Amino acid sequence: MVTGPLFFLGLEQAWPHTHQCMRMHYVPDAENIERAVRILAEEVEKAFTEQL
């Protein structure tokens, strides 16, 4: 997983999406993709819970 700001270099104006997205590199093994998505979902849920 790589955070969005690394993919939006050189923008002339601030864009909120650069801090709202992540890039996931796919691997040939479907089990690894599923595992990565589960981990990401857990982290997103944890982040939202901590904001409350």
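Let's start with helix α1, residues 30–51: at 1.5 Å a residue its 22 residues should span 32 Å, and since the end C-alpha atoms are 32 Å apart, the two agree. (The expected span is 1.5 Å times one less than the number of residues; helices are DSSP runs of H or I with at least four residues, strands are E runs with at least two, and both are numbered from the N terminus.) Keep in mind that this is a predicted model, where local features need pLDDT of at least 70, side-chain atom pairs count only at pLDDT 80 or more, and totals for chains, interfaces and linings use all residues. Residues are numbered from 1 along each chain as its sequence is written, and side-chain values use heavy atoms, with hydrogens and water left out.

**Start of the helix**
- Where α1 starts, Asp-29 has a side-chain oxygen that reaches to within 2.9 Å of the backbone nitrogen of Glu-31.

**The loop between β1 and β2**
- Thr-18 sits in the loop between β1 (2–3) and β2 (22–23), and Gly-4 and His-17 are found in that loop too.
- Thr-18 counts as buried because its relative accessible area is 7%, and Gly-4 is buried with 0%.
- His-17 is partly exposed, with a relative accessible area of 32%. (Buried means under 20%, exposed over 50%, and partly exposed in between, using a 1.4 Å probe and protein chains only.)

**Who meets whom**
- Leaving out residues up to four places away in sequence, Thr-18 touches Gly-4, Pro-5, Phe-8 and Leu-11. (Contact means heavy atoms within 4.5 Å.)
- With that neighbour rule, Gly-4 touches Thr-18, Cys-21 and Met-22.
- A polar atom of the Thr-18 side chain lies 2.8 Å from the backbone oxygen of Trp-15.
- Gly-4 and His-19 are 15 residues apart along the chain, yet their C-alpha atoms are separated by 5.8 Å.
- For His-17 and Glu-45, 28 residues apart along the chain, the C-alpha separation is 19 Å.

How values were computed: Polar contact = N/O pair within 3.5 Å; in protein donor to acceptor, adjacent residues only side chain to side chain.
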